[in-house]
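Please work through the two exercises below with the sequence and the model in view.

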Amino acid sequence: MIEQRNPGLMRRLKGFMMKRMHNMITCVEFEGFIMDYLDGSLPGGQKKKFEWHLRICRECREYLAAYERTIEVGKTALGPAHEAVPNEVPEDLIKAVLDSRDA
Ligand SMILES: [Zn+2]
């Protein structure tokens, strides 16, 4: 049996097993696909894998939801009602989302 005491190892093992058993993407690959997925430029095959991962991985569902919220905040800030706001992507917000996931 696999030792349950090491969550880091379990997480790596989970990613490895997903990839091996179901030809699935890992959580790290999932993160790399998010931007393409959201702007609709992710190729069909990868999109399917992405959506599969999304279905079985709660961590990544929460991550994607946080990511989408961040983008919504960015859109609102750049919207016509807020023309005074500097025209740049709120990178600190995206970074905050990324950091919170690693914590
Ligand atoms: Zn995941």
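**Exercise 1.** Determine which geometry the site of the zinc ion has.

*Solution.* The model is predicted, with local features needing pLDDT of at least 70, side-chain atom pairs counting only at pLDDT 80 or more, and totals for chains, interfaces and linings using all residues. Residues are numbered from 1 along each chain as its sequence is written, and side-chain values use heavy atoms, without hydrogens and water. The protein donors (N, O and S atoms within 2.8 Å of the metal, 3.2 Å for Na, K and Ca) are C27 (SG), H53 (NE2), C57 (SG) and C60 (SG), at 2.0 to 2.3 Å from the zinc ion. Angles among the four donor atoms are 101 to 114°, and the site is tetrahedral (all angles between 85 and 135 degrees). Along the chain the donors follow C-x25-H-x3-C-x2-C. Since C27 belongs to helix α2 and H53 to helix α3, the pair ties together parts 26 residues apart in sequence.

**Exercise 2.** State at what angle the axes of helix α2 and helix α3 cross.

*Solution.* Helices here are DSSP runs (H or I, at least four residues). The axes, lines fitted to C-alpha atoms over the stretch in contact with angles from 0 to 180 degrees between N-to-C directions, come within 10 Å and cross at roughly 120°.

Key. Helix = DSSP H or I, 4+ residues; strand = E, 2+ residues; numbered from the N terminus. Tetrahedral: all angles 85-135°; square planar, octahedral: opposite > 155°, others 65-115°.
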